[in-house]
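Visitor: I would like to go through this model label by label. For each one, please give me the value and the cut-off behind it.

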Amino acid sequence: LAEVGGESFHVTHVELLAEAVSCLTRDPFEAILLDLFLPDSRGIKTVVRAAAAAPHLPIVVMTGLDDEATAVEAVRKGAQDFLIKGNGDGRLVARAIRYAMERKQLEQQLRTLNETLEQRVVERTAVATRRAGQLQVLAAELTRTEHRERRRLAQILHDHLQQLLYA
């Protein structure tokens, strides 16, 4: 990252994942550049633990392991990118970090929009349920009114017609 001109990166280096988690709780960071093989954590569990410690931060895995299945699994578990040590320069790492930050920001915006949409669905479902209940009440009242009117008309016709015939 020191090779990249025009950009300034402030890097905090730690050897253990436990140290990284401790730093994440104390200081603000914009991204995590993570190795899968640390003295206190190995493999995909490292990504899972880092993502759990800082779910709002993008994670770029940079490791010596050149394994496509592990790379895909790391992304599924919360990493935004997977780089292999020695396969690139500082510009590639800087670009991966920038893109990871953008993807994470877009992911958070999408999550917020999804939550808003889900809330609207809940609200509108409640309104629709309430209105369906009102419609049922109105339909029942209409049916009762219809029966009353039929009885009234039948009574009028029956009594009036009977009186005319009797007369």
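**Labels and their grounds**

Guide: The model is predicted. Let us begin with Leu24, which sits in helix H1, residues 17-26.

Visitor: What is Leu24 in contact with, beyond its neighbours within four places in sequence?

Guide: Leu24 is in contact with Phe29, Ile32, Ala53, Ala54 and Leu57. The word contact is used because heavy atoms lie within 4.5 Å. For Leu24 and Leu57, the C-alpha atoms are separated by 9.6 Å. Along the chain these two are 33 residues apart.

Visitor: Which residue in E4 stands opposite Ile32?

Guide: Ile59 in E4 stands opposite Ile32.

Visitor: Why are E1 and E4 called paired?

Guide: Pairing needs at least two bridges between two strands. E1 and E4 have 3 bridges, in the parallel sense. They therefore count as a pair.

Visitor: What makes E4 and E5 a pair?

Guide: The rule of at least two bridges applies here too. E4 and E5 have 4 bridges, so they pair, and the sense is parallel. Val60 has Asp81 in E5 as its bridge partner. Thr63 stands opposite Ile84 in E5.

Visitor: In what order do the strands of the open sheet run?

Guide: The order is E1-E4-E5, 3 strands with parallel pairing.

Visitor: Why are E1 and E5 said to stand at the edges?

Guide: Each has a single partner strand, so one side of each is left without a neighbour in the sheet. From one strand to the next, the twist averages 25 degrees.

Visitor: Why is Thr63 called buried?

Guide: Thr63 lies in strand E4. Its relative accessible area is 0%. Buried means under 20%. Thr63 is therefore buried. Leaving aside neighbours within four places in sequence, Thr63 is in contact with Asp35, Leu36, Phe37, Phe82, Leu83, Ile84 and Lys85.

Visitor: What makes E4 mostly covered?

Guide: The count of buried residues does: 4 of the 5 residues of E4 are buried.

Visitor: Is Glu68 buried or exposed, and how do you know?

Guide: Glu68 belongs to helix H3, residues 68-76. Its relative accessibility is 60%. Exposed means over 50%. Glu68 therefore counts as exposed.

Visitor: How far apart are Glu68 and Gln134?

Guide: They are 58 Å apart in space, C-alpha to C-alpha. In sequence they are 66 residues apart.

Visitor: Why is Lys104 counted as buried?

Guide: Lys104 is found in helix H4, residues 90-166. Its relative accessible area is 7%. The limit for buried is under 20%, so Lys104 is buried.

Visitor: What does Lys104 touch, not counting residues up to four places away in sequence?

Guide: Lys104 touches Pro55, His56, Leu57, Pro58 and Gln80.

Visitor: How do you know that Lys104 makes a polar contact with Pro55?

Guide: A polar atom of the Lys104 side chain lies 3.0 Å from the backbone oxygen of Pro55. The distance limit for a polar contact is within 3.5 Å, so this pair meets the limit.

Visitor: Which residues of H4 are buried?

Guide: Gly90, Val93, Ala94, Ala96, Ile97, Ala100 and Lys104 are buried in H4. An α-helix has 3.6 residues a turn, so residues three or four places apart point the same way. The buried residues of H4 pack against strands E1 (32-34), E4 (59-63) and E5 (81-84).

Visitor: How do you know that the span of H4 is close to the expected value?

Guide: H4 has 77 residues. At 1.5 Å a residue, 114 Å is expected. From first C-alpha to last, H4 reaches 111 Å, which is close to that.

Visitor: How does the radius of gyration of the protein compare with that of a compact globule?

Guide: A compact globule of 167 residues would be near 15 Å, but the protein has 34 Å. Its C-alpha trace spans about 115 × 35 × 30 Å along the principal axes. Of the 167 residues, 23% count as buried.

Visitor: What pattern does the protein follow along the sequence?

Guide: The pattern is α-β-β-β-α-β-α-β-α. The protein has 4 helices and 5 strands.

Definitions and conventions
Residues are numbered from 1 along each chain as its sequence is written. This is a predicted model: local features need pLDDT of at least 70, side-chain atom pairs count only at pLDDT 80 or more; totals for chains, interfaces and linings use all residues. Side-chain values use heavy atoms; hydrogens and water are left out. Helices (H or I, at least four residues) and strands (E, at least two) are DSSP runs, numbered from the N terminus. Buried means under 20% relative accessible area, exposed over 50%, partly exposed in between (1.4 Å probe, protein chains only). A polar contact is a pair of N or O atoms within 3.5 Å; within protein, one must be able to donate a hydrogen and the other to accept it, and residues adjacent in sequence count only if both atoms are side-chain atoms. The expected span of a helix is 1.5 Å times one less than its number of residues. Axes are lines fitted to C-alpha atoms, for helices over the stretch in contact, and angles run from 0 to 180 degrees between N-to-C directions. The radius of gyration is taken over C-alpha atoms; the globule rule is 2.2 Å times the number of residues to the power 0.38.
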